[in-house]
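The sequence and structure are shown first.

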Amino acid sequence: MDSTDRKILAELQHDGRLTVTELADRVRLSISPCHRRLRALEQSGAIRGYRAVLDAPTLGLAFEALVFVTMHSSDRATLDAFESAVVDIPHVLQAQRLFGDPDYLLRVLARDLPAFQELYDEQLATLPGVQRLSSTLVMKSIADDRPLPL
């Protein structure tokens, strides 16, 4: 990956709807080489996909919480069962396995406090292998959906 590939990626992070012609103009390439580089970046996995970034509060998902998960056990079967179950919960936007205690961090969106409580009690607390859940509410997002530092 060279500086031109990084320029292509940076432009697409800011506007994924650019046409190849617009992209080529912005990175100062002709259309064919730009298109070849774009396809190579997609095939290499550097570009995983394209999507719209939606505004959660506008769509009625204004309640955000961080949920810390401590597991009973760290054997492979327990962790696999937990991770498989977590990815099936649409309100969990991010799930990260951590070193140390706690074992996982979940970023969860819900409509409001009662909806979060229902999600917490009926889905999160019943996940395989969970020993303890601890939550904190997000007061304000300062840096969110930032482009990768290329």
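## Salt bridges around R107

R107 and D144 form a salt bridge, their closest N and O atoms being 3.7 Å apart; the term denotes a side-chain nitrogen of Lys or Arg within 4 Å of a carboxyl oxygen of Asp or Glu. This pair links distant parts of the chain, 37 residues apart, with R107 in strand β3 and D144 in the segment after β4 (130–137). Strands (E, at least two residues) and helices (H or I, at least four) are DSSP runs, numbered from the N terminus.

R107 also meets E64 in a salt bridge (2.6 Å, N to O). E64 lies in strand β1 (residues 63–71) and R107 in β3 (residues 104–110), so this pair ties together parts 43 residues apart in sequence. R107 counts as buried at 15% relative accessibility, whereas D144 is partly exposed at 39%. Buried means under 20% relative accessible area, exposed over 50%, and partly exposed in between (1.4 Å probe, protein chains only).

## Basis of the model

The model is predicted: local features need pLDDT of at least 70 and side-chain atom pairs pLDDT 80 or more, while totals for chains, interfaces and linings use all residues. Residues are numbered from 1 along each chain as its sequence is written, and side-chain values use heavy atoms, without hydrogens and water.

## Helix α2

E11 lies in helix α1, so the pair ties together parts that are 15 residues apart in sequence.

In α2, L23, A24 and V27 are buried. Just after α2, R28 takes a positive phi of about 60°.
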